Amino acid sequence: MAIGTAGAIVVAMLFPVSAFAAEEHGLPGATMSLWWALPFAGLLLSIATGPLLFHHVWEHHYGKITALWAALVIVPLAVAFGAPAATEAVLHALLTEYMSFIVLLFALYTISGGILLAGNIHGTPLVNAGLLIVGALLASVIGTTGASMILIRPILRANDNRRFNAHVVIFFIFLVSNIGGSLTPLGDPPLFVGFLRGVDFFWTTTNLYRETLFVGVVVLAAFLAIDLILHRREAGAPKIKDPTPDTKVRLRGLANLPLLAGVIGAILLSAAWKPGVSFLMFGVSLELQNLIRDAIILVLALLSLPLSYKSHREANGFNWGPIAEVAKLFAGIFTCIVPVVAILRAGHDGALAPLVALVTSAQGAPNDLAYFWLTGALSSFLDNAPTYLVFFELAGGDPQHLMTEFASTLAAISAGAVFMGANTYIGNAPNFMVYAIARHRGVKMPGFFGYMLWSGLVLIPTFLIAGFLFFG
């Protein structure tokens, strides 16, 4: 990944003529039918059923299966619309969205893996609730991925002697990997997209704190109720020997904290510094500030490796398995959603026009409740950043209007994209990463549909109430 980003900069600098020579191509979303969504649906179904129905095959060949679904998008696109248009569409998704996405995840995963919250505390309901609150608050400062990676292992250690602990990870995904990241553009990718489009940095803080507080408190209350019941049930069962006995808690690997701050600084720099320089490579426009941002983030991630003690990473159970799994699966997801996003971008002229029509009232005014649910429903299965952008554009795309006259609409879009990323394992990148880490640590996590049963019972009723309270 480091070579890819550096190479993009070097090629663009050394060969500007060839870099600018490519002609831009796009997909005609208005003429595309819903059949184009089949590979995406197939990939989702594979992710959902693979670990359950053919575990050993999936474990050893999930990368090949993902590549097959991606090929079933790329080849038909090339046949139907020509190789240049297909290449530009797929490379645009991979180079401008997936590359930055996985670079940031790789950096946060690597750097946070060198930060050790040493020691252990007993995972009682109140202790678990406290850790979830800390993680949710931290998520808006260092992002849902950073907060998830730093705190998932301590919370797993705190609960590794409990008979029932999968629910702790599930609520961790709800609160730390999603809901907690709703207060700043650093918290979650869709809010960062809005920031790049001109939404003020603290707009989400001042306009989403009520919704975030309500949803967070309700979900945390549900967790406490469930954890108290399960904790009492465990009291009468045979004790499990604690593999990580309680010891004094210390924060180690402090050299990684400036690197984490550097990642945040690089993101802010790319948003504030707009030199107006971009390069066309294979029809894809790559902006200089984004290339430099990704290069800085990669350097900081690689610096973390020699600066971190090997013992700290070993204590964290750090390995490259989870990030490799996420990288492969999301490469397929970003490829397979290309035709789906093209249809969505066609708005009222596309095959999803009935859904698009739902966000506008008969009088032509935006329907905030519909924006909340449609943005959220699509963010549960598609990547929430491009979904946010689609509905941002459908609402007019003018940040000044959206922050003032249509503030409730922008709040509905933002809340839907961030909150409902928790509805599935693939709604937000940290979800699957946390799931993979927990599973590697021996937690019996529910499958794709099992997790959706939890989100359906806990989150959907909460979102129904929040929707009518704030956007109805």
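## Thr462, tucked away

Thr462 is buried, with a relative accessible area of 4% (buried is under 20%, exposed over 50%, partly exposed in between, using a 1.4 Å probe and protein chains only). This is a predicted model, where local features need pLDDT of at least 70 and side-chain atom pairs pLDDT 80 or more, while totals for chains, interfaces and linings use all residues. Residues are numbered from 1 along each chain as its sequence is written, and side-chain values use heavy atoms, leaving out hydrogens and water.

Thr462 sits in helix 21 (residues 448-470); helices here are DSSP runs of H or I, at least four residues, numbered from the N terminus. Setting aside residues up to four places away in sequence, Thr462 touches Phe214, Val215, Val218 and Val219 (contact means heavy atoms within 4.5 Å).

## Helix 9 against helix 19

Val215 turns up again where helix 9 meets helix 19. The axes of helix 9 (residues 203-235) and helix 19 (residues 407-419) come within 10 Å and cross at roughly 55°, with axes being lines fitted to C-alpha atoms over the stretch in contact and angles running from 0 to 180 degrees between N-to-C directions. The two helices are therefore oblique to each other (under 35 degrees is roughly parallel, over 145 roughly antiparallel, 65 to 115 roughly perpendicular, and the rest oblique).

## Val127 in helix 6

Over in helix 6 (residues 125-158), Val127 is partly exposed at 26% relative accessibility. Leaving out neighbours within four places in sequence, Val127 is in contact with Ile121 and His122.
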